[in-house]
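Me: I would like to go through some labels for this structure and ask what each one rests on.

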Amino acid sequence: MTSCLSAIHRFLRSLPAVTALIALAACGGSTDANVGGTVTGLTTGTSVTLENNGSSPLIVSANGSFWFANTVSSGSSYSVTVLTQPTAASCSVSNGSGTISSTGSDVSDVLVTCVSNATLVGTVAGLAAGTSLVLANGNVMLAIAANGSFAFPGVLVAGTIYNVTVGTQPSGQTCVVSNGVGTVVANTQTAMVVICS
């Protein structure tokens, strides 16, 4: 296609307009479309990897517009998804799927929104050997059978309210949670202290 267009370009000035258009059509004038959009909420020093239709990985390391290198033919579908999430954040895609128009119009309204995450961690002290307790943050339970550090599974979106309590006390002991209530701060580990006595 490129060589054909180059050949036409050499003669373009000497051809009547209608003839030039016919020649372009003979080259198979493309109706492929570019697919892209905008990324917001990405923090400095992090990146998100996107893909279209399960291929064409694209690493985006700054907020703003993005475009996939590979085009999509008219009448074909596109589906933009997150392949790899950034560190300590979660990105979601809006307007990420559809079908390329018959005219091959570019798609530029895919929106990728990233939100910083944080983890809930802490330490347990005073837990008697051979016993265990269960901590709860809403419906998320965490069983602990030894003193030392712990971490709730997964991450929380910044701004989420957490309320960690003792769901099940160890046999013969009472455990108290300090710093167990608050709001998640982006890119921060929320450290709790659980003292058993």
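Predicted model: local features only at pLDDT ≥ 70, side-chain atom pairs only at ≥ 80, totals over all residues.

Reply: Residues are numbered from 1 along each chain as its sequence is written, and side-chain values use heavy atoms, with hydrogens and water left out.

Me: Why does N53 count as partly exposed?

Reply: Buried means under 20% relative accessible area, exposed over 50%, and partly exposed in between (1.4 Å probe, protein chains only). N53 has 40% relative accessibility, so it counts as partly exposed.

Me: What is N53 in contact with, leaving aside its neighbours within four places in sequence?

Reply: N53 is in contact with S77, Y78 and S79, where contact means heavy atoms within 4.5 Å. The C-alpha atoms of N53 and Y78 are 5.8 Å apart, although 25 residues separate the two in sequence.

Me: Why is Q173 called buried?

Reply: Its relative accessibility is 15%, and therefore Q173 counts as buried. Beyond residues up to four places away in sequence, Q173 touches G126, L127, A128, T131, C196 and S197.

Me: How many bridges join strand β9 to strand β10?

Reply: Five bridges join β9 (residues 133-137) to β10 (residues 140-144), and the strands run antiparallel. Strands are DSSP runs of E, at least two residues, numbered from the N terminus. Two strands pair if DSSP finds at least two bridges between them, so β9 and β10 pair. L135 stands opposite L142 in β10.

Note on methods:
Helix = DSSP H or I, 4+ residues; strand = E, 2+ residues; numbered from the N terminus.
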